[in-house]
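Here are a few notes to read alongside the model.

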Amino acid sequence: MTKPSLPELLHAAVAAVGGLERPGQVTMATAVADAIDGGSHLLVQAGTGTGKSLGYLVPALAHGERVVVATATLALQRQLVERDLPRTVDALHPQLRRRPEFAMLKGRSNYLCLHRLHEGVPQEEEDGLFDQFEAAAPTSKLGQDLLRMRDWADETETGDRDDLTPGVSDRAWGQVSVSSRECLGASKCAYGAECFAEMARERAKLSDVVVTNHALLAIDAIEGAPVLPQHEVLIVDEAHELVSRVTGVATGELTPGQVNRAVRRAAKLVNEKAADQLQTAAEGFERLMELALPGRLEEIPEDLGYALMALRDAARTVISALGSTRDKSVQDEDAVRKQALAAVESVHGVAERISNGSEYDVVWYERHDRFGASLRVAPLSVSGLLREKLFADRSVVLTSATLKLGGDFNGVGASLGLAPEGTEGEDVPQWKGIDVGSPFDYPKQGILYVARHLATPGREGSRGDMMDELAELVEAAGGRTLGLFSSMRAAQAAAEELRGRLDKPILLQGEDTLGELIKTFGGDPETCLFGTLSLWQGVDVPGASCQLVVMDRIPFPRPDDPLMSARQKAVEENGGNGFMAVAATHAALLMAQGAGRLVRATGDRGVVAVLDPRLANARYGSYLRASLPDFWYTTDRNQVRRSLAAIDAVAKADGK
């Protein structure tokens, strides 16, 4: 029997999911197949509506080797495992003459821990464990969540937190889950044979396609101990998120609360001398942190250096002592000891990392209104790590609707550790970038309006002219507005102002769950939804409910952001343009994601309004505009008001 062709397979898969075949999808599938067959790497920009999931799944399944698909959002993981993969496998099975298996794999703390559930949680002040179900008042929200999870544990097949609906708070989930460091290990645990996390890993080992998240991919790359099964192909979807997720995993933190928890957990398990040494070091660190002012530490101050070395040495002593003493009075000592060890090792690791002072790390103080001060350390860049760990030994496909910034892929490529496209060299990963376009006709479906007449936004202070402009645009649009603001404070101020001025419902991020807000926004055309950066990628509302997307200003990183400013400075010291390489690239990515909220279907019409004149006037404006969809561009405020009113009138006439 002849091997089925890629177009035949794609056609069958698209029909199975009830979609339409797009030229961009065919181009993408062919390019993915070529990259996998040639063992090379590919960056694919595929606009909304291209059907990119099938564009990579079909050639990956046809190839026959194991593939890992890593995504950033839970929504896409669910879509792949619950919709796209089952239908695609069913459709391709007759032609491939095999049925590829697939599985989801997440980090250990995403799964219910049966040991925690049945044996209890290590207690902070006392020896042993306590029953969290007895301790929580059954009438409290925490108590109700815990009882619900105990019932759910008897019926769930996966133990996956995301399968629990409605969800529970982080605090409640923390009572029934463990991190990989706290886990006893299947061989030592009484519940090892029925462990949900172990079952997920076993399913992944037997699967042809493993769907995971960026964080687990980062842990797999950074920590050396493989978490993911061996695979020949890696597909990174929502790849614009990868660098920030890897940076997050590679960031360490020390807080007085965290150090004190480690002291309490270890105190009863080690000799008095070791416990006292850690207690003294913790008190010294806490005194220093009370005086900490937010900002980057280009050099570690002497007093902080001494405090960190004291913490490091005391933690090392406790780690050694934890291995030797046994206390028969402690109930289920192995679990208590493992949690204490995890807490102390975490303190030791971060204290040692900052004490050693690598030129490739950035260290800073942060101060939070509720949680006090923290000391943080993050890599100056993750590009070297990604080049070394991501692109060796396998073919990698990275895809997103926003990878081509300012007209080419080299900016995103550099952040991933890739040399400019076409660079030859022995240890240089070979890659190519393709833009397969979008099925949408952006110049006809959308307008990019820049409010050129407004004053340039300052760092702080009210923007009266911007509020007037915003109110007039929302009025002209008849509501139907998604407001994307550069800070929560700006979103709150705008919501408060417009609630007083307009007779339109204004929803604000944080006043309900994101899911509920989006549902309400999508269900009522007059409603507006205002929020901050995290909304920019989470909203998918096609149709007449979202016909105006407003950005209050270009979302450059804050000048006092320690990591971003350190990265900018490093580029400048190497002779590059730090502002363009870091700040402008960051802003371009967010603006492209934000603008992408407007057109989600072929019938959508509307306006993206940027209330920041720098997009029209500044030298870097053309770079940012080149990163956005190819909307019809104007700075004419009257023209935009007329267009919005006309779009609103058509929607009303259609009863929307």
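**Notes on a predicted model**

1. Let me start with Ser627. Setting aside neighbours within four places in sequence, Ser627 is in contact with Lys404, Leu405, Gly406, Ala588 and Ala592. Please keep in mind throughout that this is a predicted model. Ser627 sits in the loop that runs between helix 25 (621-626) and strand 20 (632-634). Is Ser627 buried or exposed? Its relative accessibility is 8%, and because the limit for buried is under 20%, Ser627 counts as buried. The side chain of Ser627 also has a polar atom 3.0 Å from the backbone oxygen of Tyr623.

2. Next, the sheet around strand 11. Four strands make up an open sheet, in the order 8-11-10-9, with antiparallel pairing. Its edge strands are strand 8 and strand 9 (295-296), each of which pairs on one side only. Strand 11 covers residues 372-379 and is mostly covered, with six of its eight residues buried.

3. How is strand 11 joined to strand 10 and to strand 8? Strand 10 (residues 361-368) runs antiparallel to strand 11, and eight bridges join the two. Strand 10 and strand 11 also form a hairpin, with three residues between them. On the strand 8 side (residues 252-254), three bridges join strand 8 to strand 11, again antiparallel.

4. Gly252 has Val377 in strand 11 as its bridge partner.

5. Ser374 deserves a look of its own. Ser374 is a residue of strand 11, and it counts as buried because its relative accessibility is 6%. The side chains of Ser374 and Glu253 are joined by a polar contact of 3.3 Å. Not counting residues up to four places away in sequence, Ser374 touches Glu253, Leu254, Thr255, Met289, Trp364, Tyr365 and Glu366.

6. Now to empty space inside the protein. Rolling a probe the size of a water molecule over the atoms shows where such space is left. How many cavities of 30 Å³ or more does the structure hold? There are two cavities of 30 Å³ or more. The largest cavity contains about 250 Å³ of space, while the second largest cavity has a volume of about 40 Å³.

7. Which residues lie nearest the centre of the largest cavity? They are Cys113, His115, Val178, Cys183 and Leu184, out of 23 residues that line the largest cavity. Helix 5 (114-119), helix 9 (196-205) and helix 15 (333-356) are the elements that give two or more residues to this lining. Helix 5 provides the largest share, three residues. Sorted by class, the lining of the largest cavity has 14 nonpolar, five polar and four charged residues.

8. The second largest cavity is lined by Leu217, Ala218, Ala221, Ile222, Val246, Leu385, Leu386 and Leu390. The elements that give two or more residues to this lining are helix 10 (214-222) and helix 16 (383-390). Helix 10 gives the most, with four residues. By class, the lining of the second largest cavity has eight nonpolar residues, no polar residues and no charged residues.

9. Val32 counts as buried because its relative accessibility is 0%. Leaving out neighbours within four places in sequence, Val32 is in contact with Leu42, Gly55, Tyr56, Pro59 and Val397. If you want a distance to check in your viewer, Val32 and Leu43 are 9.3 Å apart from C-alpha to C-alpha, and eleven residues apart in sequence.

Methods
Residues are numbered from 1 along each chain as its sequence is written. This is a predicted model: local features need pLDDT of at least 70, side-chain atom pairs count only at pLDDT 80 or more; totals for chains, interfaces and linings use all residues. Side-chain values use heavy atoms; hydrogens and water are left out. Buried means under 20% relative accessible area, exposed over 50%, partly exposed in between (1.4 Å probe, protein chains only). Two strands pair if DSSP finds at least two bridges between them. A polar contact is a pair of N or O atoms within 3.5 Å; within protein, one must be able to donate a hydrogen and the other to accept it, and residues adjacent in sequence count only if both atoms are side-chain atoms. Contact means heavy atoms within 4.5 Å. On a 1 Å grid over the protein atoms alone, a cavity is a set of points where a 1.4 Å probe fits but cannot get out, and a pocket is an open set with protein on both sides within 12 Å along at least five of seven lines; lining residues have an atom within 4 Å of a point. Grid points are joined across faces, edges and corners, and a volume is the space filled by probe spheres set on the points. Ala, Val, Leu, Ile, Met, Phe, Trp, Tyr, Cys and Pro count as nonpolar, Asp, Glu, Lys and Arg as charged, and the others, Gly among them, as polar.
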